[in-house]
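Good morning, and thank you for coming.

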Amino acid sequence: MGENHSNSGAKGNEKRMKVAVIQMDVSIGEPERNRERALARMEEAVNGGAEKPDVLVLPEMWNTGYSLENIEEIADANGEPTHAMMSAFAAKHGVNVVAGSVANRTEGGVNNTIFVYDRTGARTSEYSKIHLFRLMEEEKYLKQGGELGRLVVDGEAAGMMVCYDIRFPELTRRLALDGAKVLFVPAQWPKPRLHHWRTLLLARAIENQMFVVACNRVGVSRGTEFFGNSMIISPWGDVLAEGGEEETILRATLDLAEADRVRGTIPVFQDRRPELY
Ligand SMILES: O=C(O)CCC(=O)C(=O)O
């Protein structure tokens with residue numbers, strides 16, 4: 001870890017949050033196979049570390065991949081079977097699950113949606129990607145969401161967004177102003193834009209003085225390579241964990257009071273001049 005910010009005098013809380021990021025491959029157009037893979041990695045995440053995590057995080061569209069041409073057929077239907085699978089897993093292991101995002105069909109079409117489950121298995125929140133990525137023609141096949149991604153994990157306010165959303169700094173700022181100290185980011189961010197991915201995630205953490213927990217997939221789908229490089233970043237911008245290009249589980253313990261200390265040391269939220277911009 002980098003510098004010590006304990007001189008700020010900010011007491012904050014004593015809460016720690018152990019996160020496990022499931023950096024996995026995704027087989028395009030094969031939801032059954034992806035569900036088996038996700039479950040196996042999630043079991044590894046809860047059983048394989050020195051300590052059981054408090055929160056698991058999966059990547060974007062881990063059920064179907066970007067199989068957009070037949071997405072209506074292979075997407076979840078009203079959240080199933082993801083709800084049944086994740087709810088049972090969360091309750092069995094007493095763990096919170098930020099279940100990446102899944103392609104989910106409802107009456108109006110297919111959304112790219114994060115579902116969140118608490119330790120009892122209850123579904124507590126959801127967020128549908130609000131910025132669709134035109135470079136991959138998402139807007140032709142998917143519906144955009146219309147609400148922000150606010151969630152509460154073990155009583156702590158947090159935010160969530162999906163992949164391309166990190167290019168919109170106003171969105172993270174809004175979530176931070178609303179009290180989020182942790183931002184969860186499921187993604188399928190491909191090569192060759194690794195420097196965008198790393199720089200944007202670091203900037204979102206530093207400028208909002210919050211933890212960023214970003215889960216990117218690995219592997220190759222129809223010639224597009226995904227570099228992984230999932231990241232867990234502190235509110236000071238220190239990289240607490242970062243993946244390579246292979247499947248892995250990243251782990252870190254977030255000391256949530258760190259956000260208060262950093263905000264006390266460099267009081268960005270007090271010094272901003274929203275009346276001018
Ligand atoms: O913004 C980017 O460069 C990647 C975004 C992306 O791949 C996505 O939103 O799925």
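What is shown is a predicted model, in which local features need pLDDT of at least 70 and side-chain atom pairs count only at pLDDT 80 or more, while totals for chains, interfaces and linings use all residues. Residues are numbered from 1 along each chain as its sequence is written.

I begin with the annotation. UniProt, in an unreviewed entry, lists residues 17-256 as "domain: CN hydrolase"; its positions are given in the numbering used here, feature names are shortened, and annotations may be inferred rather than shown by experiment. Over residues 17-256 the chain is 25% helix and 33% strand, with the end C-alpha atoms 7 Å apart. Helices (H or I, at least four residues) and strands (E, at least two) are DSSP runs, numbered from the N terminus.

Let us turn to helix H3, residues 82-93. H3 has twelve residues and reaches 16 Å from its first C-alpha to its last, close to the 16 Å expected at 1.5 Å a residue; the expected span is 1.5 Å times one less than the number of residues. Which residues of H3 are buried? They are Thr-82, Met-86, Ser-87, Phe-89 and Ala-90. Here a residue is buried if 20 or more other C-beta atoms, placed from the backbone, lie within 10 Å of its own, exposed if 12 or fewer, and partly exposed in between.

Pro-81 is in the loop between strand E3 (76-77) and H3, and the peptide bond from Glu-80 to Pro-81 is cis, with omega near 10 degrees. Just after H3, Gly-94 takes a positive phi of about 60 degrees.

Next comes helix H6, residues 194-208, which has 15 residues. Its buried residues are Trp-197, Leu-200, Leu-201, Arg-204, Ala-205 and Asn-208. Seen down the axis of H6, they fall within an arc of 130 degrees, so they line one face of the helix. In general, an α-helix has 3.6 residues a turn, so residues three or four places apart point the same way. On the other side of H6, His-195 and Thr-199 are exposed.

In the loop between H6 and E11 lies Gln-209, a residue other than glycine with a positive phi near 50 degrees. Gln-209 is buried, with 25 other C-beta atoms within 10 Å. Glu-137, also not a glycine, has a positive phi of about 55 degrees, but counts as exposed, with 12 C-beta neighbours inside 10 Å.

Note on methods. The arc is that of the directions from the helix axis to the C-beta atoms.
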